Amino acid sequence: MSAPGENLKIDGSRLWESIMEMAMIGPGVAGGNNRQTVTDEDGQGRALFQRWCEAAGCSMGLDRMGTMFARREGTDPDALPVYVGSHLDTQPTGGKYDGVLGVLGGLEIIRTLNDLNIRTKHPIVVTNWTNEEGTRFAPAMLASGVFAGVHELDWAYARADAEGKTFGDELARIGWKGDEPVGARKMHAFFELHIEQGPILEAEGRDIGVVTHGQGLWWLQVTLIGKDAHTGSTPMEMRVNAGLGMARITELVHEIAMQSQPDAVGAIGQANVYPNSRNVIPGKAVFTIDFRSPDLEKLDGMKARLEAEAPKIAADLGLGIEIEPVGHFDPVTFDEGCVAAVRDAAERLGYSHRNIVSGAGHDACWINRVAPTAMVMCPCVDGLSHNEAEEISPEWAEKGANVLFHAVVETARIVE
């Protein structure tokens, strides 16, 4: 495999200017972005991306989920393409870099190859996956999930937002519903560049995260049933307090995660008590538990322990309990060859790096099911993401994109 020389690098200033120009579409209220999937703003961002890709000499494909595929031809018409990309949609209060860096970093690969008049044996395809965020239409990573055969197309089209609008109707409304069958494309490999969305790389002063695994996940919804009662006139020993049960199970979740170290996390994220009145002891509590680990045995073990011990807590307090799984995917182990290409690129460029596990879900996690896949991560300030204050430095972006460039181009094979 022909590797690019360490002097071959992308244009960091051009990449940064492109990120800032994209951020002008769907601006947030606090310096970030609100460019949610299949909104008018999403359509405008897609149009800008298409103009840039066509200016770089790429042809554009569009599948029935609205995923965009910008192709730079290779010298071998029979060689499978190397895919690279991420997503342009954002959270309602999203940052300027989450997803966008990976798409525009891929475009910068094409632009740099053009600048240097370099040809590759394999075509290179820059991809914008639709609805990675899942904030308007659940679940997350929707289009890549359909591509990988995890979800059915009609089921995805029927996903509804808070106003009852369906994903399929909104995709058609903004004019980005293609004709190409989803998942028909075959890939030689797929690479995704992303901000870390966590604090490890910055805290350790590392330039690059070489992503070896993606965490698996269990979401469990717990419902506790007690008895509504007056907070002032009900004796303590006569209370059936669902809020107290939730508090004790919250402690249990933390204990399970801490005793499952390393590489395990757990927390209660969404929580509601009823009737949610200041002078009524809660007679009902509904909350979700999020367990994650890259180790399947550990992940399933945390779930099993919660399911065994939470009912004992409920019984001690006289509460009824129901535990329902509401979300799950197994841990991901990325392709050894693609991971090695990322690590070798970082070393060739002289960048500090470490292996890292992705704590968040990404399109690469689904694509890993159908093609050899790896991810590159760069630091973000304070590990903050899904927040308008999300921030990275131009230097971090440039180094991440350089590693992406080297890994992708090495895999696509330079033609001498």
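**Cavity lining and domain interface in a predicted model**

By class, 2 nonpolar, 4 polar and 3 charged residues line the largest cavity of this predicted model.

Student: Which residues line the largest cavity?

Tutor: The lining comprises 2 nonpolar, 4 polar and 3 charged residues. By name, the residues are Thr 37, Asp 42, Arg 46, Leu 88, Asp 89, Asn 128, Trp 129, Thr 130 and Asn 131.

Student: How many cavities of 30 Å³ or more does the rule count, and about how much space lies in the largest cavity?

Tutor: By the rule applied here, the count comes to 1 cavity of 30 Å³ or more. The space in the largest cavity is about 30 Å³.

Student: Where do the two domains lie along the protein chain, and what distance separates their centres?

Tutor: The domain assignment places domain 1 at 12-214 + 331-412 and domain 2 at 216-329. Taken over C-alpha atoms, the centres of domain 1 and domain 2 are separated by 35 Å.

Student: How many residues of each domain are in contact, and what area is buried between domain 1 and domain 2?

Tutor: In domain 1, 8 residues are in contact with 8 residues of domain 2. Carbon and sulfur atoms give 73% of the buried area, which is about 570 Å².

Student: How many salt bridges and how many residue pairs in polar contact does the rule find across this interface?

Tutor: The side of domain 1 that touches domain 2 has 4 nonpolar, 4 polar and no charged residues. A salt bridge requires Lys or Arg on one side and Asp or Glu on the other, and Asp, Glu, Lys and Arg are the residues counted as charged. Across the interface the rule finds 0 salt bridges, and the residue pairs in polar contact number 1.

Key
Residues numbered from 1 in each chain as written. Predicted model: local features only at pLDDT ≥ 70, side-chain atom pairs only at ≥ 80, totals over all residues. Heavy atoms only, no water. Domains from an automatic or database assignment. Contact = heavy atoms within 4.5 Å. Buried area = accessible area lost by both parts, 1.4 Å probe. Salt bridge = Lys/Arg side-chain N within 4 Å of Asp/Glu carboxyl O. Polar contact = N/O pair within 3.5 Å; in protein donor to acceptor, adjacent residues only side chain to side chain. 1 Å grid on protein atoms, 1.4 Å probe; cavity = no way out; pocket = protein on both sides within 12 Å on 5 of 7 lines; lining within 4 Å. Points joined across faces, edges and corners; volume = space filled by probe spheres on them.
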